[in-house]
Amino acid sequence: HRLDQAGAILVAKLSLGALAMGDRWYGGMTRNPWDPDEGSSGSSAGSAAATSAGLVGFALGSETLGSIVSPSRRCRTTGLRPTFGRVSRHGCMALSWSMDKIGPITRSVEDAALVLGAIHGADGLDPTAVEGRAFGWPARLSPQTIRVGYIKGEGEEDEETLEALGELGFTLSPVPLPADIPVWQMMVILTAEAATAFHEFTRDGVTEGLNTWPDEFRKGHFIPAVDYLRANQIRSKLMQEMAQLFEGIDVLVGGGRDELGISNLTGHPTVALPNGLTEVDGKIAPRALTMTGRWFGETTLLQVAHAYQQLTGHHLSHPPGFA
């Protein structure tokens, strides 16, 4: 509705992985425009593929655990997963009520900022969507006042990337992610909530075309309430530790798989953007960079990402055969 009010025109409803998993739907695969032999990843598969190919100016995606970030990395788009509660989820399929988010997939950070500006805020239809959290664009902070943390030894943040960020004037410092917290064991939260959301499928024996969800739903019925509640207790501790980490920085660059799990559990915003190309097994493969910001800190997060894109120009490359 807000996009309609902003003048956007709906031109397509795009594919996604069945029940928000991967790039497979009804036995078919959504393909990556950069390499049609491989899938686009997902679950926001069609949104990333169509945007990468230039078939649409932007698309919306949803993420519970990587469904905006992952296809954006694969298809070399810019994908923004906003802070939990930043954008209303009304009308979107519920998978995990405490982890689902909706955000834009675009070719550039500038476009992602414009779309977020149109869709953020409460609408009275999703009780988790909040009002009163400003988002301003363009961002006007001095780069020298923005502190950028990075994870040492992750490999994704190579010297070239860090040098570019330093050249832009940002203050760089190595930071550790929260340690000794069982991030992936805490995904019982997602499994239990998804099993609840699709209880009728399990009860009625519906399995066809649902990827591997039926097994996950069955597992969810055997998760003790104590385990679910305990995982949420640890999740609160993780949120406190991430809040402490962001007392010393404004933006976190990279972090890999663990950071993806952490930030989805804590609800911090993340942007994924193209970071050049490399060669793997004789084939050209995309490189990507992720940046994560403070809760409701999308303005600063996107300022850093936009400045990096303007300097490097990685987002200007298009798949062969697509303008």
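Biologist: Why is glutamate 241 called partly exposed?

Modeller: Glutamate 241 has a relative accessible area of 22%. Buried means under 20%, exposed over 50%, and partly exposed in between (1.4 Å probe, protein chains only), so glutamate 241 counts as partly exposed. This is a predicted model, in which local features need pLDDT of at least 70, side-chain atom pairs count only at pLDDT 80 or more, and totals for chains, interfaces and linings use all residues. Residues are numbered from 1 along each chain as its sequence is written, and side-chain values use heavy atoms, with hydrogens and water left out.

Biologist: What makes glutamate 241 and lysine 237 a salt bridge?

Modeller: Their side chains meet at 2.5 Å, N to O. A salt bridge needs a side-chain nitrogen of Lys or Arg within 4 Å of a carboxyl oxygen of Asp or Glu, so the pair qualifies. Both residues lie in helix α9 (residues 225-248), 4 residues apart, about one turn of the helix. Helices (H or I, at least four residues) and strands (E, at least two) are DSSP runs, numbered from the N terminus. Lysine 237, at 43%, is partly exposed.

Biologist: What does the salt bridge of glutamate 63 and arginine 81 tie together?

Modeller: The two side chains meet at 2.9 Å, N to O. Glutamate 63 is in strand β5 (residues 59-63) and arginine 81 in strand β6 (residues 78-81), so the pair ties together parts that are 18 residues apart in sequence. Both residues are buried.

Biologist: What makes a set of residues a nonpolar core?

Modeller: The members are buried Ala, Val, Leu, Ile, Met, Phe, Trp, Tyr and Cys residues joined through side-chain atoms within 4.5 Å. The largest such core here has 30 residues, and Leu165, Val271, Met291 and Val304 have the most contacts inside it. Among the elements that each supply at least two residues of this core are α5 (159-167) and β12 (283-293). Beyond its neighbours within four places in sequence, leucine 165 is in contact (heavy atoms within 4.5 Å) with residues including Val148, Phe170 and Tyr308.
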